[in-house]
Amino acid sequence: MSLYRITAEEALHAPALITALDGWVDAGDAATTAAERIAALGDGEVVAEFDVDAVLDYRARRPLLDVVQGRLEQITWLSLNVRRVKADQRDLLVLTGPEPDYKWKEFGREVAEMALRLGVVESVCLGGIPAMVPHTRVTPVMMTGKDRTPTDTDPPLPAEFLRVPASAVNLVEIGLAEHGIPSVGFWAHVPHYVAGPYVGAALALVERAASHLGVTLSVQSLAQEALEERARLDSVVAERPDAQAYLEKLEEMPPQSEGAIAGAENIAAEVERFLRETTGDDRNPFEGP
């Protein structure tokens, strides 16, 4: 039995698949925020949906229950679907939702099958990675893909060979490429000290995806939110000398330093070392007491 079903089979023009899944490699909610904003630019028509009962562990990610005056009114279920949005003269198909807990291999195969059925001609996968970068710079975006053509401003890969925990988004990028569909991944570097959503990274992903696909996507609202976010972070820094000192240390690093991307253990060790030297404790200087 298939994990997905097509809900709208109409003619699509040069459709591109944009994939972002909630979970691993979605630091700062950068990827899912970017994908949701792209999907919201259209009418949000669902063209395909996956069977979440077959791929999710609800004990780990539970549906939401509305209780009104003691009555159990409604359960809101998680969804994993593909929505269609028009951008210039082509269709964008946005696959979003929680990263599957089960049946990864089958999920990867069926996303590729679905893409072929819908006539997808290229694929863009989005992600967010914690990195030792300051919020005062434009968010770096790393590119992956068999046939990738990075720009001069792309941060370099930190090594010729990396072995990292995989995500379901990686399966989509690999699977579509294996079926002859050009597929790339864009990975925003999210300042590791930012707790919660980071709009600046979402903005960078939308802009990069639009440039790669050759379409115009409205980013005014995201850009305004990113400015407000920058002001809030600047305010926190101004009130905390230890945070200011740490930020200055990050700003001294070259923008495309190969050390800009670090594993979680390396980041944690660096933060703890610096805090011990400057404050005598291991608290995050960007958080409250």
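**Figure 1. Overview of the predicted chain.** Of the 289 residues of the chain, 48% count as buried. The model is predicted. Its secondary structure consists of eight helices and 10 strands. Among contacts between residues at least 6 apart in sequence, 80% join residues at least 24 apart.

**Figure 2. Packing of helix 5 against helix 6.** Helix 5 spans residues 199–213 and helix 6 spans residues 220–239. The two pack at an angle of about 150°, and their axes are 8 Å apart. Angles over 145 degrees count as roughly antiparallel, and helix 5 and helix 6 are therefore roughly antiparallel to each other. Their crossing is left-handed.

**Figure 3. Residues in the contact of helix 5 with helix 6.** From helix 5, the residues shown are Val199, Gly200, Ala202, Leu203 and Val206. They meet Leu222, Ala223, Glu225, Ala226 and Glu229 of helix 6. By class, this contact has seven nonpolar, one polar and two charged residues.

**Figure 4. The largest nonpolar core.** This core has 47 residues. Those that touch the most other members are Ile38, Leu92, Val124, Leu126, Phe186, Leu205 and Leu217. Helix 5 supplies the largest share of the core, with 10 residues.

**Figure 5. Surroundings of Leu92.** Residues up to four places away in sequence are not counted here. Leu92 touches Ala16, Ile18 and Ile38, as well as Arg83, Arg84, Val85 and Ala87. Further along the chain, Leu92 also touches Leu213, Val215 and Leu217.

**Figure 6. A second, separate core.** This core has 35 residues, among them Ile6, Val52, Phe107 and Leu176.

Definitions and conventions: Residues are numbered from 1 along each chain as its sequence is written. This is a predicted model: local features need pLDDT of at least 70, side-chain atom pairs count only at pLDDT 80 or more; totals for chains, interfaces and linings use all residues. Side-chain values use heavy atoms; hydrogens and water are left out. Axes are lines fitted to C-alpha atoms, for helices over the stretch in contact, and angles run from 0 to 180 degrees between N-to-C directions. Helices (H or I, at least four residues) and strands (E, at least two) are DSSP runs, numbered from the N terminus. Angles under 35 degrees count as roughly parallel, over 145 as roughly antiparallel, 65 to 115 as roughly perpendicular and the rest as oblique. A crossing is left-handed if the near helix is turned anticlockwise from the far one by less than a right angle, and right-handed if clockwise. Contact means heavy atoms within 4.5 Å. Ala, Val, Leu, Ile, Met, Phe, Trp, Tyr, Cys and Pro count as nonpolar, Asp, Glu, Lys and Arg as charged, and the others, Gly among them, as polar. A nonpolar core is a set of buried Ala, Val, Leu, Ile, Met, Phe, Trp, Tyr and Cys residues joined through side-chain atoms within 4.5 Å. Buried means under 20% relative accessible area, exposed over 50%, partly exposed in between (1.4 Å probe, protein chains only).
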